[in-house]
Amino acid sequence: MNPYRLPRVVVPRRYELRLEPDLEAFTFAGTVRVDIDVVEPVGEIVLNAAELEISGGDLDGVALAGIDYDAEHERAVLRLGEPVSPGAARLSLAFTGTLNDQLRGFYRSTFTDDDGEERVIATTQFESTNARRAFPCWDEPDFKAVFEVTLVVPDGLMAVSSGAEVDSQPAGDGHREVSFAPTMEMSTYLLAFVVGPLEATDPVDVNGTPLRIVHPVGKGHLTEFALDAGAFCLGFFEDYFAIDYPGDKLDLVAIPDFAFGAMENMGCVTFREILLLLDPDSSTQQERQTAVDVIAHELAHMWFGNLVTMKWWNGIWLKEAFATFCEMLAVDAYRPDWKRWLAFGLSRAAAFDVDALAATRAIEYPVVSPADAEGMYDLLTYEKGAAAVRMLEQYLGADEFRDGVRHYLRRHSYANTETHDIWDALAESTGEPARDVMDSWIFQGGHPVVSATADEDGTVTLSQSRFRYDGQPDDARWQVPVVAAVGTDAAEQTERMVLNDPVALGANDPAWVMINPTADGFYRVAYEGGLLNRLLDGGPDLDPLQRYVLVDDQWALTVADRLSVADYVAFAERIATAEDDLAVWRRLAGTLGTLDHMVSDNGRASLQVRVRDMVGPAWDRVGWNTAPGEDDRTGELRGVLARTLAVGGNDAEAIARCRELMASEGVDPAVAAAAIAVVAATGDDADYQEIHHRYQNAPTPQLELRYLMALTTFDDSQLMDRTLAATLDGTVRSQDAGFVLRGCLENRDLGPQAWAFITDHWDDINQRLPSAIVPRMLGGISALSTPELAAEVEEFLEAHPVPQGKLILAQHLERQQINVDLRRRVQEALG
């Protein structure tokens, strides 16, 4: 039996929760009355409570005999004095707690208003297991109940919660009592309440649902973009799922301090400010797309996660992967010109990168403790999960898949499910054996490489094996839905199969073959026996997605030492010559940046010449100036090329131009962002002072983060010390500090200095940073790719474990070793 799971002998049905937060003392007091069903006679009631003091309580008016706490398992045991018979009962408890600064449970967030005064917001973050830090409850996802919230707040402050406000009455002593409508039946982790100096936009009506942006005072002018995107996405999902939004209203709430990107609380979705408060005129296309991505993701959760919820935390992937997939659908419909499915390749590549490690995991795996659940919020849950869902959607057909999803949501509305329930619904709706295809992708870590081999008799044979960076043999197998485009003398034809054992393509001696031409399959492709050159020399004109996949696969083969570094650079040079697509150039630029990071100082100048030659033709076509009618993606491409030319290519003219642009007004946002990055990467003390000043006075969250992260790239040791110190002295918000430290670790020349700072301040860092951010901070260790540093890092982390990110940390350490080997090969090939 899992010691972290509660007994099922008492079941909550309805909570009446009353809370009074003190925003000056950072405490709160509350009462909760819970209508429960007693399933069998009990002498005690066991529920979750953490960091709370329960001062008293009763069951149906009979006082509790005592209360015992189990801190390890975050429980309170309520002794009843005598057994209670099965039936309905009401439990009442009074309790107090602290508005903590750890960005979890019921916590405090601060901001400085236009008058320079620091203001405090009390807000919540309950996923996965933190509702128990705000009130005693049955804090597991399958204990669904109705929640009726009342908040006692100071006059002049705004209060919002998951339900619509239904009443506000004076409570004496300068306070109001604000009551909210009962919620639908839902899990504890989806409840939210926020109190503070907040304002709200006028509501937009979306098919009868009022939608608002709630934000800190004085920031209403930055809400229009998010309000428009939110209204579109809410309507899109009502149509896609063919089920009305299940809440009575929808508030999107901007929070200054927030550990995650956003949280899908029912009716009261909370976000980092950067994702809701945005000026379209000064933000880049990527910043706007990221905002819409997250808004769409959270609104998809209103159905996938909130209406239908996983039974236990091993099923996190089920809601997160489907929400990520649905986010792509909505954003692609909102702005088709952004080509969202093409851009998905970048995040999918990051999931591939983790999944090629021996330390990868299955998308779904057993979860025992809260720490296990916290470790599931990673690229495999979101991006690999979404890629697997996309692969199934394309295999079944988009309309057929959508009909199966609707069937699943209707059948399980207001209930809890496990993974097989979605496959069963899809199978019933489509007649296809979805579970047979998907189980190997969900319950098995890793992914295959499909090798296409040209045989002597002219046939092309496809086979699969597990793709691993370390090259170790592995007998894992998948049912791989393969699509192959085949060029023959007669015409181009398409072959479809579910690959298990090796199979020859139907065409004899084809002129060329292209595997995974629509990039829907979550597998790598290796062309052998000259097939890649046959595709590039005599194949069709490849679209941007096909070119992207080729670059991505060839780089992965290079990391795995199945392709030499020299051959990859030659391939990149060939692709770059005629390349004008943003996504392809982002992937190329990323690989060139890795080479620049790893090449020796002696070989760097030669690589920079080759980078300038690669970027040059595209730069000649794009140039510095925006053309009339130019689309957003072209502007973004200009920024990518400018940064690659100036930093990766060390182009003096580009560096000088970026300095001019950073000092200019009215510059295209993508180019302005590139200019800041270039000045920082090549800058001195005066440049640091200027960027730091801009960071402290940034008018939007996007600009603030842009300037902050630029500070991590200066190559002066004293400036690095200043940036590192700012992560602990209160200059940088705790929500951002871990990512700043990661950026410092990734600094080409000063990463070792950042590592020394982290080891010297390990306890302070772990005390200040939200626990979920620490494993992500440590992702930067993979950039410390010398044998000496790798050994030092491993020794330190073995002595200083990170329990909430044990598996993620193992992946970081393995990737560091992979990079040590890659660095050696880069220096052998390029100097």
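Predicted model: local features only at pLDDT ≥ 70, side-chain atom pairs only at ≥ 80, totals over all residues.
1. Strand S1, residues 10–22, pairs with S11 in the parallel sense, and six bridges hold the pairing. One place to look is Glu16, which stands opposite Glu148 in S11. On its other pairing, S11 runs antiparallel to strand S14 (residues 175–180), and five bridges join these two. There you will find Thr150 opposite Ser179 in S14.

2. Is strand S11 largely enclosed or open to the outside? Of its nine residues, 146–154, seven are buried, so the rest of the structure largely encloses S11.

3. Now for the sheet that these strands belong to. Eight strands make up an open sheet with mixed pairing, and their order is S5-S4-S8-S2-S1-S11-S14-S13. Its edges are strand S5 (62–63) and strand S13 (165–172), each of which pairs on one side only. Elsewhere in this order, strand S4 (residues 52–59) meets strand S8 (residues 87–98) in an antiparallel pairing of seven bridges.

4. The partner here is strand S12 (residues 158–161), which runs antiparallel to S15 and is joined to it by four bridges. Within this pairing, Val160 stands opposite Val194.

5. A further open sheet deserves a look. This sheet has four strands, in the order S28-S25-S24-S30, and its pairing is mixed. Strand S28 (503–504) and strand S30 (524–528) are the edge strands, pairing on one side only. Between S24 (residues 448–454) and S25 (residues 460–466) there are seven bridges, and the two strands run antiparallel. Val450 sits opposite Gln464 in S25.

6. Which residues have the most contacts inside the largest nonpolar core? They are Phe135, Trp138, Phe237, Tyr527 and Trp755, in a core of 290 residues. Helix H3 (residues 316–334) gives the largest share of this core, with 13 residues. To see the surroundings of Phe237, leave aside residues up to four places away in sequence: Phe237 then touches Ala242, Ala296, Leu299, Ala300, Trp303, Cys326, Glu327 and Ala330.

7. Three helices each supply at least two of the lining residues: H16 (652–662), H17 (669–681) and H19 (701–710).

8. Pro540 belongs to the loop between helix H10 (531–538) and helix H11 (544–559). Its relative accessible area is 26%, so Pro540 is partly exposed. What does Pro540 touch, once residues up to four places away in sequence are set aside? The contacts are Glu492, Trp512, Met514 and Leu535. Of this group, Met514 is 26 residues from Pro540 in sequence, with a C-alpha to C-alpha distance of 9.6 Å.

9. Finally, a few backbone details for you to check. Most residues other than glycine have a negative phi, and most peptide bonds are trans. The peptide bond from Glu127 to Ser128 is cis, with omega near 0°. Ser128 lies in the loop that runs between strand S10 (118–125) and S11.

10. Two residues other than glycine with positive phi are Glu74, near 55°, and Asn207, near 50°. Are they buried or exposed? Glu74 has 15% relative accessibility and therefore counts as buried, whereas Asn207 is exposed, at a relative accessible area of 60%. Glu74 is in the loop between strand S6 (66–70) and strand S7 (75–84). For Asn207, the loop is the one between strand S17 (204–206) and strand S18 (209–216).

Methods:
Residues numbered from 1 in each chain as written. Heavy atoms only, no water. Buried < 20%, exposed > 50% of the residue type's maximum accessible area, 1.4 Å probe, protein only. Pairing = 2+ DSSP bridges. Core = buried A, V, L, I, M, F, W, Y, C linked by side-chain atoms within 4.5 Å. Contact = heavy atoms within 4.5 Å.
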